[in-house]
Amino acid sequence: MSNFNSAITAQDITKSFGKLKAVDKVTLSIREGEIFGLIGPDGAGKTTLMRMLAGMLTPDSGDASICGRSSLKQHQQIKDDMAYMSQKFGLYQDLTVYENIRLYADLYDVSKKNMKEQINDLLDFSYMRPFRNRRAGKLSGGMKQKLQLICALVHKPKVLLLDEPTNGVDPVSRRDFWRILYNLSAEGVTILVSTAYLDEAERCSRIALMNNGRIITTGTPSSVIDESGIKIASVKTQDNQQNISKIRNLFPDSSIHIFGEKIRINTSDYQAASLKLNENLDGETEITQEKPMLEDIFMSLQSRSGSSEKLLSMVSEGIEKREGSSVITSSLTKRFGDFTAVNSIELDVKYGEIFGFLGPNGAGKSTTIKMLCGLLIPTSGNGSVGGFDISKNPEKIKENIGYMSQKFSLYEDLKIYENIDFYGGIYGLSGDKLKKRRDWALELSGLKERSREITANLAGGWRQRLALACSIIHSPSIVFLDEPTSGADPASRRLFWDIISSLAAEGVTVFVSTHYMEEAEYCNRLSMIFRGNMIAHGTPFELKEKYMDDKIVNISVEQPQTYIEELSKMEGMNDVALFGAGLHARTSDPDSVLNKINKYFSAKSVHADSKLIQPSMEDVFVSLIDQAEVADA
């Protein structure tokens with residue numbers, strides 16, 4: 001069933017689990033050397049499809065092939081041509097980076113003759129050589145993802161299957177990861193990647209949009225967007241948080257969300273939508289038509305629940321309104337032996353504030369949050385949460401806050417409703433009150449029909465929804481969310497931020513860490529931490545104005561990755577990196593650099609649109625980390 005030059009094929013492949021049809025007659029053909037993106041909501045069937053392609057799961061019907069060999073009948077033979085990177089880490093935590101790679105080399109029967117040189121090349125390729133003797137368990141999330149990729153590449157596969165490889169990875173590491181993927185693609189490696197980051201999907205040669213086990217559409221990202229027929233009205237108001245409810249009432253059947261500083265409305269008639277907005281919104285508004293993104297296409301698959309407003313109103317039931325500072329620290333420090341994880345952190349967070357905590361993997365975010373939650377005792381310094389001392393009264397703090405940890409914190413062998421009851425009981429709920437909040441938690445997490453399933457069966461995004469519901473089931477006035485949307489699809493992320501906004505509107509402190517930089521725009525204030533030190537603090541606008549010396553040039557061009565190296569060499573260019581489907585160039589001399597960029601593409605007869613734009617939070621994040629690394633060197 002193999003097609004000419006097709007490295008991966010599937011023909012009417014189907015898989016059911018009981019009454020659930022996880023994959024329903026899927027047919028695909030992926031070309032050699034192609035980066036092919038698989039996107040879709042949580043539970044769409046992406047992981048099941050990948051596992052069947054890899055020969056790890058037997059389909060009920062149909063067949064698939066890797067490099068011309070049947071995944072069903074020849075799965076032992078295809079392992080030499082293929083590597084599969086699952087969502088769960090396949091690393092040995094007590095082994096060093098080098099020992100993990102060596103183990104996988106042995107498993108793949110890599111020749112001893114060239115093994116050492118090959119491993120060193122991979123370490124250099126991924127910038128991991130300085131960490132070769134560090135235990136895998138001591139690596140940050142981003143480094144673990146890169147190590148897992150190295151282990152998959154040690155036998156030089158022809159096909160690479162990556163199931164959401166950049167979940168929980170900071171923007172700097174994500175850029176690194178995609179640099180590696182483009183280099184592999186240039187060498188002829190075929191890559192199938194599923195991702196919850198839809199800006200990453202826009203970097204793929206082609207994509208397939210999957211929902212309810214079926215492929216809805218396939219094509220280049222631009223063709224999928226163009227053929228959707230979706231139009232976007234983008235609105236900038238004086239107070240987006242206040243106006244979004246009014247806009248949702250004006251367009252009850254439309255997908256509406258805040259994206260950065262604007263509210264985006266999915267509409268079939270832009271002119272009519274613009275007129276209605278002008279007639280009904282008070283104050284100064286700026287309305288423009290924008291090109292749809294893949295996320296807009298994705299969200300068109302989701303039906304907006306009519307009960308969502310009721311669910312959100314229940315979020316704040318029983319919350320005691322308080323004023324003043326909820327979280328205060330002074331010189332808060334945590335050391336592990338000779339290693340300083342958190343160094344003299346100063347915080348003052350108010351009730352009703354959405355406070356964002358940013359930083360690369362391993363910066364000290366989770367350690368700080370654990371100290372604030374009473375889970376770790378500081379080495380020095382002091383702090384209070386809800387009026388309780390974090391060193392003297394950690395148990396009191398635990399009783400009075402909500403906490404959602406970075407790692408999935410629920411009990412996998414319990415049923416979904418049993419986890420809810422367990423956490424409700426811990427927080428003192430019982431009887432009718434527990435029953436009412438259990439029903440609410442099931443509705444909020446979208447798991448009402450699956451309440452008696454074992455929790456271990458849930459996909460990543462559904463787990464996050466359940467964990468969030470359990471963390472706020474007792475209506476706390478302070479909530480700590482450590483990367484709550486990691487691994488969640490766009491629909492789940494939007495629901496999370498609707499909940500967060502509703503909590504803050506009722507006076508709840510929401511202390512949140514995130515690697516999605518557009519989410520940082522939703523925060524009232526932000527602090528950025530790097531190697532344990534606070535390096536920036538302020539509102540999103542203040543961070544862009546105060547800490548961003550360089551200007552940003554946005555470059556829209558086909559196959560942007562092919563121009564990064566040459567553009568980076570231009571005089572006055574400080575950095576060039578992938579951003580969505582294009583490039584962001586960082587420069588301190590924008591006029592000169594813009595002129596050089598236009599001349600460069602004109603000489604190549606390549607159509608490119610280059611213009612000066614306001615920096616995104618991702619630009620600020622990467623720039624600050626670059627500056628901090630230079631200062632540390």
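Student: Are Asp-550 and Arg-586 buried or exposed?

Tutor: In this predicted model, Asp-550 is buried, and Arg-586 is buried too.

Student: What joins Asp-550 to Arg-586?

Tutor: Start with the general idea. Side chains of opposite charge can pair when their charged atoms come close. Here Asp-550 and Arg-586 form a salt bridge, with the closest N and O atoms 3.2 Å apart. The pair links distant parts of the chain, 36 residues apart. Asp-550 sits in the loop between α20 and β25, and Arg-586 in strand β27. Shared partners then join Arg-175, Asp-550, Asp-575, Arg-586, Glu-618, Asp-619 and Asp-626 into one network of salt bridges.

Student: How many salt bridges does the whole structure hold?

Tutor: The search finds 37. One of them pairs Asp-421 with Arg-438, at 2.7 Å from N to O. Asp-421 lies in helix α15 and Arg-438 in helix α16, so the bridge ties together parts 17 residues apart in sequence. Arg-438 is partly exposed, at 21% relative accessible area.

Student: How do I read the packing of α3 and α4?

Tutor: Two packed helices are described by the angle between their axes and the distance between the axes. For α3 (residues 97-107) and α4 (residues 112-125), the axes come within 11 Å and cross at roughly 135°. The two helices are therefore oblique to each other. The crossing is right-handed.

Student: Which residues of α3 and α4 meet?

Tutor: From α3, Val-97, Tyr-98, Ile-101, Arg-102, Ala-105 and Asp-106 take part. From α4 come Lys-112, Met-115, Lys-116, Ile-119 and Leu-123. The contact residues divide into seven nonpolar, four charged and no polar.

Terms used. Residues are numbered from 1 along each chain as its sequence is written. This is a predicted model: local features need pLDDT of at least 70, side-chain atom pairs count only at pLDDT 80 or more; totals for chains, interfaces and linings use all residues. Side-chain values use heavy atoms; hydrogens and water are left out. Axes are lines fitted to C-alpha atoms, for helices over the stretch in contact, and angles run from 0 to 180 degrees between N-to-C directions. Helices (H or I, at least four residues) and strands (E, at least two) are DSSP runs, numbered from the N terminus. Angles under 35 degrees count as roughly parallel, over 145 as roughly antiparallel, 65 to 115 as roughly perpendicular and the rest as oblique. A crossing is left-handed if the near helix is turned anticlockwise from the far one by less than a right angle, and right-handed if clockwise. Contact means heavy atoms within 4.5 Å. Ala, Val, Leu, Ile, Met, Phe, Trp, Tyr, Cys and Pro count as nonpolar, Asp, Glu, Lys and Arg as charged, and the others, Gly among them, as polar. A salt bridge is a side-chain nitrogen of Lys or Arg within 4 Å of a carboxyl oxygen of Asp or Glu. Buried means under 20% relative accessible area, exposed over 50%, partly exposed in between (1.4 Å probe, protein chains only).
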